[in-house]
Amino acid sequence: MNQQWWHSAVVYQVYPRSFCDSSGDGNGDLKGVISKLDYLEKLGIDLIWLSPVYLSPMKDNGYDIADYQAIDPRFGDMNDMRQLIHQAKQRNIGIMMDLVLNHTSDQHHWFKQAKQSRDNPYRDYYIWRDQTNQIRSIFSGPAWQYDPVTSQYYFHLFADAQPDLNWENPAVAKEIHQMISWWVEQGVAGFRLDVIDLIGKEIDQGITENGPRLHPLLQQMHQACFKGKKLVTVGETWGATPEIAKLYSDPRREELSMVFQFEHAALDWHPEHGKWQVQDFDLIALKKVLSKWQTAFDGDGWNALFWNNHDLPRIVSRWGNDGEYREASAKLFATLLHGMQGTPYIYQGEEIAMTNVQFAELSDYDDIEIKNSYQEKVVEQQSLSHQQFMQGVYQSARDNARTPMQWDNSDNAGFSCGQPWLKLNPNYQQINVANALANQHSVFYHYQRLIALRKSSKYSDTLVYGSYQLLLEEHSHIFAYIRQYKEQRLLIVANVSQQTQTLSLDFKLAEVVLDNLQPEDESKVGVDLAQLNLAPYQAIIYLLAD
Ligand code: TEU
């Protein structure tokens, strides 16, 4: 495999509105991010994926862009952006911008123009039809919005304030390429491409995802913007299978560095109600999915590894235990993920095991997806009761990930001295960065150790490039696998349950590399693998003897 710098990189996602507010207006901002760079450097990450900070009416928290080359005043200005790129670079941290290319805001000047008349030069930047078809918006309701001024419908796969761009029009591709190249000139290190699998659509055929024009469009983009540059790119692709993921990330095809696949992330969703009614956690199913992805590429592609992002509930609440075993289970999921092959992504707050939140009222929530789904499922279709829906919100809603970052136990968790745009999780008194930094055994330091192991230790090659083999496939509580590179073998074994598990493995042990329940200085104590007792949520990385 051709080695790339981003193979060994670790990425940290910042959701800027909720990260750190320097101005006191209740919204996080770029100066706030700059003020936390030392913290991120201490954690050891290489890249920051910055969720959108562009000019936006914030109908979908910046995923509705009104100007790709301007910073929203809530976040600061272009000077702050340059400062962030510069200050991060001084700490060897690169900035990945979030490119939302499937749609813009309806406040983008292209759309404002396009709406004016059917023969406006920008009309074909968007998708207009006299008749609608059956395609539905991902945010509920039909994907078509009638515009009375020109008596046609425009197409939107997300909110009606997010009209889809028409990628059939070469002028759109040209404008977007120029914009991306401009960001490259600003010194960014790469890009995350929002719902990129939706841009090759053929609407009249009812095809929205993985359309026939998708890969040619990405190859053009690569030629125009990425080729020959030291950049990393990751596509968000909800509909990817391993076969499809290879099309994007096989280096010979020159498209993207890697993609986020979501098979594991949607594993417990209900067939009809999706995320609003989740099913029981099934470790065997999770192991199958992740192992399939671990062994799918063999050099013809690369995995992006994640449990969390700004659209998903917190992993410690979802599949871990956010009560008695919060720290242990957070460290366990960290160990499992950082032990795998691929580029790990950490979502803000994950490194201190922030949890889901339960607000009493629907009006305490902000997310457009929650509001639209409530309208559809509870009010219109009445397929879920209010209580059932709230239960779904507590388990899966996106706002679980979006409550402000918990820095300390002062007012508003040190996030803002103003009124935060979204309420805090009241548990910030206990769960916060200041507490985590003061405790050598905190989840933070576990992440720091995992990152250090991957980046600069005698195990780095094995963690980054080693092959993957699942053990105990049918065990419903143990997740165990081997990573091997040349002669070196690491065993990662985790007890994903609240009971002690005893197992017998036929390996000779050389060393304990990292144990989530043992203080670092005692971690070299030998253990007999013939009779291995794992405490609740214990996760250990062993070096095996030859
Ligand atoms: O997410 C894509 C997306 O499809 C999600 O909305 C997902 O379907 C949902 O969370 C699952 O219930 C991306 C961004 O990450 C998200 O924040 C944006 O809202 C969306 O695109 C539109 O840009």
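In this predicted model, three strands make up an open sheet whose order is S6-S8-S7, with antiparallel pairing. The edge positions belong to strand S6 and strand S7, and each has a single partner strand, so one side of each is left without a neighbour in the sheet. S6 is joined to strand S8 by two bridges, and these two strands run antiparallel. Across this pairing, Arg-129 stands opposite Tyr-153 in S8. In general, strands of a sheet pair through backbone hydrogen bonds, either parallel or antiparallel.

| S6 | 128–129 |
| S7 | 144–147 |
| S8 | 152–155 |

A helical element, H15, covers residues 443–455. Helix H15 has 13 residues and reaches 18 Å from its first C-alpha to its last, close to the 18 Å expected at 1.5 Å a residue. Ten of the 13 residues of H15 are buried, so this helix is largely enclosed by the rest of the structure.

The largest nonpolar core holds 161 residues, of which Met-81, Leu-101 and Ile-180 touch the most other members. Leaving aside residues up to four places away in sequence, Met-81 touches Leu-30, Leu-50, Val-53, Ile-71, Ile-95, Met-97 and Trp-183. Another core, of 15 residues, lies apart from the largest one; among its members are Ile-482, Leu-491, Leu-529 and Leu-544.

Definitions and conventions. Residues numbered from 1 in each chain as written. Predicted model: local features only at pLDDT ≥ 70, side-chain atom pairs only at ≥ 80, totals over all residues. Heavy atoms only, no water. Core = buried A, V, L, I, M, F, W, Y, C linked by side-chain atoms within 4.5 Å. Buried < 20%, exposed > 50% of the residue type's maximum accessible area, 1.4 Å probe, protein only. Contact = heavy atoms within 4.5 Å. Helix = DSSP H or I, 4+ residues; strand = E, 2+ residues; numbered from the N terminus. Expected span 1.5 Å × (residues − 1). Pairing = 2+ DSSP bridges.
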